[in-house]
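Let's take a friendly walk through a protein chain. Have a look at the sequence and the 3D view before reading on.

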Amino acid sequence: MRVAVLGLGEAGSLYSDAYVQAGSEVVGFDPRPVDPPAGVTKAGSIAEAVADADLILGLTTAKPSVGVAEEASAAMKDGALFLDLNAASPKRKQEVAEAIGSGRKFADGAVIGSVPRYGAEVHVLISGPCSDEAADLLRIVGARAEPIQGDIGDASQRKLLRSVFMKGLGALITESMLAGEEAGETEWVRAQIAGELAQGEATLDRLLSGTRTHALRRSAELADSIDLLADHERPWSMTEAARSVHLELAREDAAPVAAELAKIPTSALGDGGDRLGFLDSDIKPVWDSAPIAGRAFTVHTRPGDNQAIHRALPLTRPGDVLVVAGGGETNRALIGELIAERAQLRGIVGMIIDGAVRDAAAIEQLGFPVWAKGVSPAGPYKSGPGRLRETISVAGAVCHHGDYVVADADGVLVVPAASVEQVLAAGQAVLADEHRRQQEIRATAPGRA
């Protein structure tokens, strides 16, 4: 049997190796420069990988899965079965099935359990008309494959329902351990949690490690779970909270992504997406600073009052961008030189203020990047009220605490945290295309022949 594995990450490599050990011919594809397991041939394209394959495993992650399926469909032989094992919403699985095309064999697979722990023998739910056949092909490598028949997306729906518990549990444990650390009771809290869990320490360590390592991806999966539950008339507070915890943990690894975002003009990032998320054009740089990018620390304050900004500063982290919804008031400044210097010393990379600032020349001399609606010498009130770390409307855009903010000479863009990698890749593609077209223009200019 010939098996094609699309995506040679952790799960893809494990399945590839298992099918090699079972005597199958295995061809893998991954756009990244990764080495395949021993005995696996690495193809140069999706079409090359799936040609003549009897079984095709989709393990590319959910975002590119539809495009991958479209490419695979054009090269699949008659009778081949495409098993999508990516973690995705039922809707995305249906879109992948449509991309494969009617008349072709397709099954929705949902991995239930830990792939690092169980390897290819992990429990997999499979739905769709071809679920029995797909289960038989997975059992070749010892998988605990469970066909549930039903429609495409049913298996993934069950996985997302399970995620409400498992990802919530990981988030709850992580937050509990953080509370224990803050109180100086780390070992006691750890013992309390471990005593309540089956397999004790091993389960605790796996959840703690996995939650931190995969925080951004798991927040996207929980967003799918929330969408799935949206039709049920009751609040899903823990699931919402679990997603927030995952997004907050992802902030700890924000620096590399922010550095790459800062290299892309806001115009290119907008062109690569839907051109939404820009702040009003009257939010301008106070001085000619370099572009910045970072995670948003949100502040909602009464116009002309900066008490909330003072409360926010001690809570920020290095790399944050302070985003202040100040109601657009330009007759009274919300910050000046002293606050700017305090923010700079805390490692804040810049401020975005829907309001006014003062001490503009001194802020420039500090080298602290600030974007604001105006400049006024009048100082602020300090009585409040104000709110921190909430979703805000700032200068015509919505900004969630923890979203990415990119600012340059053209303006300010809010990038949702859950889609930042997609937006970054799209912006890089726009720059590459612009460079190509620029070279073509220059090559055809008079005197360049």
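## The whole chain

Keep in mind that this model is predicted. The protein chain has 449 residues, and 49% of them count as buried. Its C-alpha trace spans about 75 × 75 × 40 Å along the principal axes.

If you trace the chain, you'll pass through 17 helices and 18 strands. Now take the contacts with a separation of 6 or more: 67% of them come from residues 24 or more positions apart.

## The largest nonpolar core

In soluble globular proteins, nonpolar side chains tend to be buried together. Here, the largest nonpolar core has 30 residues. Those with the most contacts inside this core are Tyr15, Tyr19, Leu57, Leu83, Ile126 and Leu138. Two or more residues each come from β1 (2-6), α1 (10-21), β4 (55-58), β5 (81-84), β6 (105-112), β7 (123-127) and α6 (131-139).

## A closer look at α1

How far apart are the end C-alpha atoms of α1? They are 17 Å apart, and that agrees with the 16 Å that its 12 residues should span at 1.5 Å a residue. After α1 comes glycine 23, which has a positive phi, near 95°.

Which residues of α1 are buried? They are Gly12, Tyr15, Ser16, Ala18, Tyr19 and Val20. These buried residues pack against β1, β2 (25-29), β3 (40-42), β4, β7 and α6.

## The second largest pocket

Next, a space you can look into. The second largest pocket holds about 700 Å³ of space. It is lined by 29 residues, and the closest to its centre are Ser244, Val245, Leu247, Glu248 and His401. Sorted by class, the lining has 14 charged, 10 nonpolar and 5 polar residues.

Helices α7 (154-182), α10 (215-229) and α11 (237-250) each give at least two residues to this lining. The one that gives the most is α11, with 7 residues.

## Methionine 166

Finally, find methionine 166 in helix α7. Is methionine 166 buried or exposed? Its relative accessible area is 16%, and buried means under 20%, so methionine 166 is buried.

Note on methods:
Residues are numbered from 1 along each chain as its sequence is written. This is a predicted model: local features need pLDDT of at least 70, side-chain atom pairs count only at pLDDT 80 or more; totals for chains, interfaces and linings use all residues. Side-chain values use heavy atoms; hydrogens and water are left out. A nonpolar core is a set of buried Ala, Val, Leu, Ile, Met, Phe, Trp, Tyr and Cys residues joined through side-chain atoms within 4.5 Å. Buried means under 20% relative accessible area, exposed over 50%, partly exposed in between (1.4 Å probe, protein chains only). Helices (H or I, at least four residues) and strands (E, at least two) are DSSP runs, numbered from the N terminus. On a 1 Å grid over the protein atoms alone, a cavity is a set of points where a 1.4 Å probe fits but cannot get out, and a pocket is an open set with protein on both sides within 12 Å along at least five of seven lines; lining residues have an atom within 4 Å of a point. Grid points are joined across faces, edges and corners, and a volume is the space filled by probe spheres set on the points. Ala, Val, Leu, Ile, Met, Phe, Trp, Tyr, Cys and Pro count as nonpolar, Asp, Glu, Lys and Arg as charged, and the others, Gly among them, as polar. The expected span of a helix is 1.5 Å times one less than its number of residues. Contact means heavy atoms within 4.5 Å.
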